[in-house]
Amino acid sequence: MTVDAVDHRLRRARRVTLLSLGTNVWTTVLLPTVGLAREPDPARVALGTVALVGFTVAQVAVLHAAVTPWLAGAARRRRHLALVVAALLSLPLLGPVAAGDWPTWAWLGASLVGMTPLLFRPAPAAATAVGVLAAAAATTLATGGPLATALLVTGGVGAGIALLTWVQVWFWDLLVEARQGQAARARLAAAEERLRFARDVHDLLGHDLTVIALKAELAERLAPVDGARAGREAAEARRLAASALTRVRAAVHGYRAVDLAEQAAAVGEVLRSSGVRCTIDPPVGELPAPVAADLAAVLREAGTNVLRHSRAGWCRIEITRDDAQVTLTVRNDGVRGHGPDAFSGGLRGLADRLAPSGGRVRASAEDGVFSLVATVPVPS
């Protein structure tokens, strides 16, 4: 699954989750800079800065991986390994910075504890947190700093960040699973419809084809001895074939028949699931099948345009009919620029489709509202 394949709500949720994770964890990455500011030794400041920058880069990569479910497993493992290496290198490089004056590495340790839900399952995460806490204690004792402060920062602050991180990632995973479930249901519905169609065609053709095969075989056997009867059997086989073809065409026409009100309702559900308030004014009465089919194509293209070319908050679909024609109007806000180009492939294709029946498509954008109006004459 890719985020490009889903609606913009999921993309926004991903950005918000990533920003929230970064805010939680980067806070404890920024606090070691206080220790760098208090360190009088330039060499230690330089080494500590290198360690902090390396750790931050590795941390950003892991945060990105946490909300990128389509990332390859090898790439994800490389990012996790880079974070482990950066954390280990930070012990000798950042640990002595502002020794005894500021718990510099303890804050970095809090950041590591806060990231454990992104790296491990609960049991390994707890063991890792204990290991980080031990590293903070050892570094503090080696540099002569206050042990209680270091443990409070690494353990207490880190545990709070870890809890927030776990909740955010849990919600993100739930959202991704929900979107995947919706896609799976759509695929299942399509597969079930294909199976239903296959069963219907089998039921329609199975008996007739069997009888046709038998009569053709009988005609073949009778041809040398009774030509008249063989001709009658062949004519009957031809009649059955024509009848079967008629029934199949009727069945296919039934599958192709379009209920424009149902199409409008389906497009409305898709828009609402993407966070767009959608109101629908359906047609009154039944529309001629060719008119409904043409306007259904326009409606699908219009729904795609709302999602692809705007940040719509609302959309209105209106279908009206008079004695001469049927008019479909789709309006939405949130237009970026001028909306879809009136000469774009989608709209041009719709215009070409409606032209043989005398239909027209008009598109316009004004004050951030895009309007698509399609008219199709009603056959007399």
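**Notebook: salt bridges in a predicted model**

I looked up Asp294 to begin with; at 11% relative accessibility it counts as buried (buried means under 20% relative accessible area, exposed over 50%, partly exposed in between, with a 1.4 Å probe and protein chains only). The model is predicted, so I kept in mind that local features need pLDDT of at least 70 and side-chain atom pairs count only at pLDDT 80 or more, while totals for chains, interfaces and linings use all residues. Residues are numbered from 1 along each chain as its sequence is written, and side-chain values use heavy atoms, with hydrogens and water left out.

I then checked the partner of Asp294. The side chain of Asp294 meets that of Arg353 in a salt bridge, 3.1 Å from N to O (a side-chain nitrogen of Lys or Arg within 4 Å of a carboxyl oxygen of Asp or Glu). This pair links distant parts of the chain, 59 residues apart: Asp294 is in helix H10 (residues 289-309) and Arg353 in helix H11 (residues 345-354). Helices are DSSP runs of H or I, at least four residues, numbered from the N terminus. Arg353 is partly exposed, at 39%.

I counted the salt bridges next: the structure holds six.

One of them joins Glu233 and Lys215, with the closest N and O atoms 3.1 Å apart. Glu233 lies in helix H8 (residues 227-256) and Lys215 in helix H7 (residues 147-222), so the pair ties together parts 18 residues apart in sequence. I found Glu233 buried at 12% and Lys215 partly exposed at 21%.

My last entry is the salt bridge of Glu236 with Arg239, 2.6 Å from N to O. Both lie in helix H8, three residues apart, about one turn of the helix. Glu236 is partly exposed at 26%, and Arg239 is partly exposed at 44%.

Methods. Helices (H or I, at least four residues) and strands (E, at least two) are DSSP runs, numbered from the N terminus.
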